[in-house]
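Here is a short briefing to keep beside the viewer while you look around. It goes through helix packing, then the ligand site, then some backbone details.

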Amino acid sequence: MKQFISVNDVPDINALVKKALAYKANPFADKALGAGKRIGLLFLNPSLRTRLSTQVAASNLGMEAIVFNVDKEGWALEFEEGAIMSGNTVEHIKDAAPILGNYFDVLAIRTFPSLNNRDDDYSEMFINQFIKYAGVPVVSLESATLHPLQSLTDIITIQEDSRLKAQDSRLKIVLTWAPHIKPLPQCVANSFAQWINKWGEADFVITHPEDYELDEQFTKGATITKNQDEALKNADYVYVKNWSTYTDYGKIYDNDPSWMLTNEKLALTNNAKVMHCLPVRRNVELSDEILDGPNSIVTQEAGNRVWAAQAVLSEILNAK
Ligand code: CP
């Protein structure tokens with residue numbers, strides 16, 4: 001694997017999941033693979049899970065990880081080609097990225113969308129500029145539109161869990177919108193849809209209120225409904241996530257609290273396991289009774305972030 005930006009960089013999802021679960025069973029199986037190699041983890045936005053799980057994953061492979069909180073500690077970067085830098089930005093990415101590529105064997109970067117300009121965000125300018133100028137493999141730690149390490153983790157968690165269940169029929173996975181007080185990116189939802197669609201091993205339903213349609217390039221192939229109760233019927237997995245509007249970009253239209261998953265709604269499902277990428281606002285986006293109840297697998301899911309990152313770094317090191 002030369003880079004990890006989306007599911008399109010993964011030739012075989014199940015093989016990658018298998019690799020991740022093998023690392024979970026034996027974390028130090030390849031402890032010398034990354035010896036003498038260094039990864040730079042660049043954050044333009046906050047993180048708990050992504051930062052720490054990737055550091056642990058690199059360490060398990062014998063690789064040194066150096067974290068740089070660019071937003072707090074670095075010069076303000078300019079990404080626009082031909083920019084006249086008379087404003088707040090101090091260093092152009094075309095100057096900074098090759099230097100980072102000199103210091104590191106692999107670069108991983110987290111950038112969020114602005115949620116102001118859809119065309120700019122969906123062009124993925126930030127991560128694409130890194131790829132263009134870094135000269136080393138680039139791993140997305142979440143970009144403007146996608147969060148592939150999270151989605152790989154989600155499929156690992158579903159596969160790991162569903163093996164334990166007696167399943168006579170195809171799995172049903174539901175992605176449901178949930179309320180939130182702030183406009184959030186569409187990245188996790190876009191990416192989850194993209195991965196589940198490409199994986200193709202489950203019936204996939206997306207449910208959201210009016211005006212919360214996601215970009216069709218990611219959702220095509222899923223059943224989409226505005227009737228949450230209907231969607232939840234017989235679900236095996238319910239993935240809960242808020243996202244802001246895509247069409248009239250980056251807005252909150254409807255924050256109907258009745259969209260929050262409760263035990264009453266969960267009763268419609270096939271005793272579904274409940275997933276969320278975290279962080280989660282309790283009793284806004286997801287209820288205490290769900291998060292603290294027996295159906296929540298959010299902690300297992302977050303734990304699996306290590307094995308997803310380790311499998312990806314391993315593939316990248318093997319390709320170098
Ligand atoms: N799910 C996730 O990416 O968590 P962090 O934002 O804490 O990294």
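**Helix packing, ligand site and backbone**

Helix α1 passes α14 in a right-handed crossing. Please keep in mind that this is a predicted model.

**Helix α1 against helix α14**

- Helix α1 covers residues 13-25, and it packs against α14 at an angle of about 115°, with the two axes 8 Å apart.
- That angle makes α1 roughly perpendicular to α14.
- On the α1 side, the residues that meet α14 are Leu16, Lys19, Ala20, Tyr23 and Lys24. Their partners in α14 are Trp307, Ala308, Gln310, Ala311, Val312, Ser314, Glu315 and Asn318.
- Sorted by class, this α1 and α14 contact has 7 nonpolar, 3 polar and 3 charged residues.

**Helix α2 against helix α14**

- Helix α2 (residues 49-60) and helix α14 (residues 305-319) have axes that come within 8 Å and cross at roughly 55°.
- The crossing of α2 past α14 is right-handed.
- From α2, the contact is made by Arg49, Thr50, Ser53, Thr54, Val56, Ala57, Ala58 and Asn60. From α14, it is made by Arg305, Val306, Trp307, Ala309, Gln310 and Leu313.
- The class count for α2 with α14 is 7 nonpolar, 5 polar and 2 charged residues.

**Helix α4 against helix α6**

- Helix α4 (residues 93-103) packs on helix α6 (residues 125-134) at about 60°, and their axes are 8 Å apart.
- The two helices, α4 and α6, are therefore oblique to each other.
- Helix α4 passes α6 in a right-handed crossing.
- Ile93, Lys94, Ala97, Pro98, Leu100 and Gly101 of α4 make the contact with Gln129, Phe130, Tyr133 and Ala134 of α6.
- By class, the α4 and α6 contact has 7 nonpolar, 2 polar and 1 charged residues.

**The ligand site**

- Around the ligand you will find Ser47, Leu48, Arg49, Thr50, Arg110, His147, Gln150, Cys277, Leu278 and Arg305.
- Threonine 50 has a side-chain N or O atom 2.7 Å from an oxygen atom of the ligand.
- Histidine 147 places a polar side-chain atom 2.8 Å from an oxygen atom of the ligand.
- Leucine 278 uses its backbone instead: a polar backbone atom of this residue is 2.9 Å from a nitrogen atom of the ligand.

**Backbone details**

- Most residues other than glycine have a negative phi, and most peptide bonds are trans.
- Proline 279 sits in the loop between β11 (273-275) and α12 (288-291).
- Glutamate 142 is not a glycine, yet its phi is positive, at about 120°.
- You can find glutamate 142 in the loop between β6 (138-140) and α7 (148-164).

Key: Residues numbered from 1 in each chain as written. Predicted model: local features only at pLDDT ≥ 70, side-chain atom pairs only at ≥ 80, totals over all residues. Heavy atoms only, no water. Axes fitted to C-alpha atoms, helices over the stretch in contact; angles between N-to-C directions. Helix = DSSP H or I, 4+ residues; strand = E, 2+ residues; numbered from the N terminus. Left-handed = near helix turned anticlockwise from the far one by under 90°. Contact = heavy atoms within 4.5 Å. Nonpolar A, V, L, I, M, F, W, Y, C, P; charged D, E, K, R; others polar. Near = heavy atom within 4 Å. Polar contact = N/O pair within 3.5 Å; in protein donor to acceptor, adjacent residues only side chain to side chain. Parallel < 35°, antiparallel > 145°, perpendicular 65-115°, else oblique.
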